[in-house]
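Me: Could you walk me through some side-chain and helix packing in this model? I'd like the cut-offs along the way.

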Amino acid sequence: MTLGYLGIDIGSISTKGVIIDENRAIIARSYLWTEGNPTEASKNVVRELESQVEGQGVKIVGAGTTGSARRLVGAMMGASVIKNEITAHAVGTTFLHPDVRTILEIGGQDSKIICVSDGIAVDYAMNTLCAAGTGSFLSSQAHRLGVEVEEFGEIALTSTKPASIAARCTVFAESDLVHKIQVGYAREDIIAGLCNAVASNYLNNVGKGKKIAAPVVFQGGVSKNAGVVHAFEEQLGMPVAVDPDGHLMGAFGVALLAADAGPIEGAESGPFADGSFDFEAMLDFDFKTREIECQKCANHCEVICVYRDKDIIDSWGNRCDKGAVKTTA
């Protein structure tokens, strides 16, 4: 019997999941589109992970969640660890690359940079106002060009004279791209220009004021784009490593944290009520959420409560103890 730990990273565009064994090796992995429904996407990821370990004697004894819907999905799973993306990505990356100094991450709608010293995240930044330069930005431009976004990287590498594309804003970038098409730029030069623009936009915004030191690891879905990787290497003047599981790093990191926390014990209800993860219990999870405005102090916090069978199983959003909601599970 192999003890395993489950990690789920629920993003706005994609949902990722892994199962690791006692040696911290990934034994199952899944990457699916969120499609505006994080709970159903998480269930689909769990279904896929279950199919990969079925019949292999794997007993899931712990779970963790990260990402934008981590609290909700964590309640569904009965997770013992619920962490933000910065922590999860840093933990996963430093485990695989102990000497990493800078982590570049570009996802579907957000980007982040994490600076590491002696295996500890000491500084970070995220994009705030605009999604220009993210995965969704590249996907929309690929659609405009009639090219699959998965082909962007290889096409970009064939360019000998990349076009200059203004990527500081999605609207400006699209206007610039249309102009380049209309005046007859080669498709590969436009695509290479977009890849260069993604890298420069990231470095001038997310990475502004940060000391980018080698070794550098690039992760997130956009790290699979060889054109963007090449653009970062050109602009930074240093090698940029891409891990084969870089797009799963958040899920891997939170699975490691769940393993560090150890097996879940004493769960009175939920998927871990029997001491090991019950896939069907998670898939059958039925819930309702309700937003309550706390009136117990001047903050007037918006508290999100998750109900199952009229019982509150989790809540979050209060900024002080006065608004704490007592759960019955």
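Reply: Happy to! Buried means under 20% relative accessible area, exposed over 50%, and partly exposed in between, using a 1.4 Å probe and protein chains only. This is a predicted model, where local features need pLDDT of at least 70, side-chain atom pairs count only at pLDDT 80 or more, and totals for chains, interfaces and linings use all residues. Residues are numbered from 1 along each chain as its sequence is written, and side-chain values use heavy atoms, leaving out hydrogens and water.

Me: Is Phe-232 buried or exposed?

Reply: Its relative accessible area is 0%. Phe-218 also has a value of 0% and counts as buried. With that 0%, Phe-232 is buried.

Me: What is the geometry of the pair formed by the rings of Phe-218 and Phe-232?

Reply: A pair of aromatic rings is described by the distance of the centres and the angle of the planes. Rings of Phe, Tyr and Trp (its six-membered ring) pair if their centres lie within 6.5 Å, and planes under 30 degrees apart count as stacked, over 60 as edge-to-face and the rest as tilted. Here the centres are 5.1 Å apart and the planes at 70°, so the pair of Phe-218 and Phe-232 is edge-to-face.

Me: How many residues apart in sequence are the parts that this pair ties together?

Reply: Helices (H or I, at least four residues) and strands (E, at least two) are DSSP runs, numbered from the N terminus. Phe-218 lies in strand 9 (residues 216-219) and Phe-232 in helix 8 (residues 226-236), so the parts tied together are 14 residues apart.

Me: Which residue joins Phe-218 and Phe-232 in a cluster?

Reply: A search of the whole structure finds 6 aromatic pairs. Ring pairs link Phe-218 and Phe-232 into a cluster with Tyr-202.

Me: At what angle do helix 3 and helix 9 pack?

Reply: Axes are lines fitted to C-alpha atoms, for helices over the stretch in contact, and angles run from 0 to 180 degrees between N-to-C directions. Angles under 35 degrees count as roughly parallel, over 145 as roughly antiparallel, 65 to 115 as roughly perpendicular and the rest as oblique. Helix 3 (residues 85-96) and helix 9 (residues 249-261) have their axes 7 Å apart, and the angle is about 85°. That makes helix 3 roughly perpendicular to helix 9.

Me: Which residues does Met-126 contact, leaving aside its neighbours within four places in sequence?

Reply: Met-126 belongs to strand 8 (residues 120-126) and, at 31% relative accessibility, counts as partly exposed. Contact means heavy atoms within 4.5 Å. The partners of Met-126 are Ile-86, Asp-110, Ser-111, Lys-112 and Val-206.
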